[in-house]
Structure formats: structure tokens, C-alpha cells
Amino acid sequence: MLCQEGQEKLPENKKIVATGGFKDVERAVSFSRGTSTDIPGLQSNHEEAYTRLLQHAKDTADNASRIVIQSPDTNVLVICTSHFNSLVQRVVVQTGVKDCL
């Protein structure tokens, strides 16, 4: 779980969403300053991070005009391209070798 000190240091207008890494591997939790909330809509049993990443991007698209996705994995670029129409008007995907993003 995200430590209490870390939650208190988050800017008030920011949140962190975490999936995986819990005893319940399908659990998704949103952390903001001083609070944590389960997110049933993001629960997933996807093993690959890039498929979970797209699920998070789609969830964020409801409240954002732009999404930035950064990954050295070209699978992320391919999946984002195939789902572009279901995301927001502006999607930025940064990719490349791990040390040169």
C-alpha cells in the first residue's frame, strides 16, 4: 500500500492509480492526498502491463483532453494506434529504447 507520508505529499490536484501488486491481483486503487478508493471499473486480470495501461488511458479519457503514454515497448504503440478512436482527441505516445525516452 502507498505509505501515508507519500499520500500526504501528493499535490491536491494529483492522484496515483495502482493496479496489481495487491493480494487481490485484480484490485485497482486510486490514491490522493489522505485518501484511497477502490476503482471497480479498472479491476483486471491482465498479466501484461501494456494492456492494463490502455485500460487506464481509456478510463482517464473521460476526464481529459490529452493523454501522454510513455513506454519503451513498441507493443504499447501498436495497441494505442489500434484503439486511437476510443481515446481522447490528442494522444501522445513516447517510445524508444529504455534509456532514451
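User: Is Glu12 buried or exposed, and what relative accessible area does Glu12 have?

Analyst: Buried means under 20% relative accessible area, exposed over 50%, and partly exposed in between, with a 1.4 Å probe and protein chains only. By that scale Glu12 is exposed, with a relative accessible area of 67%. Keep in mind that this is a predicted model, in which local features need pLDDT of at least 70 and side-chain atom pairs count only at pLDDT 80 or more, while totals for chains, interfaces and linings use all residues. Residues are numbered from 1 along each chain as its sequence is written, and side-chain values use heavy atoms, with hydrogens and water left out.

User: How many salt bridges does a search of the whole structure find, and which side chain does Glu12 meet?

Analyst: Side chains of opposite charge can pair when their charged atoms come close. The criterion for a salt bridge is a side-chain nitrogen of Lys or Arg within 4 Å of a carboxyl oxygen of Asp or Glu, and a search of the whole structure finds 2 of them. In one, the side chains of Glu12 and Arg33 meet at 3.3 Å, N to O. Glu12 lies in the loop between α1 (4–9) and β1, and Arg33 in the loop between β2 (28–32) and β3 (35–38), so the pair ties together parts that are 21 residues apart in sequence. Arg33 counts as partly exposed, at 39% relative accessibility.

User: Which residue forms a salt bridge with Asp38, and how far apart are the closest N and O atoms?

Analyst: The partner is Arg27, and the closest N and O atoms are 2.6 Å apart. This pair links distant parts of the chain, with Arg27 in the loop between β1 and β2 and Asp38 in strand β3, 11 residues apart. Both are partly exposed, Arg27 with a relative accessible area of 23% and Asp38 with 41%.

User: Which residues line the largest pocket, and what is its volume?

Analyst: Rolling a probe the size of a water molecule over the atoms shows where empty space is left. On a 1 Å grid over the protein atoms alone, a pocket is an open set of points where a 1.4 Å probe fits, with protein on both sides within 12 Å along at least five of seven lines, and lining residues have an atom within 4 Å of a point. Grid points are joined across faces, edges and corners, and a volume is the space filled by probe spheres set on the points. The largest pocket has a volume of about 310 Å³, and its lining includes Lys15, Ser30, His56 and Asp59. α2 (49–61) and β1 (16–19) each supply at least two lining residues, with α2 giving the most, 3 residues.

Methods
Helices (H or I, at least four residues) and strands (E, at least two) are DSSP runs, numbered from the N terminus.
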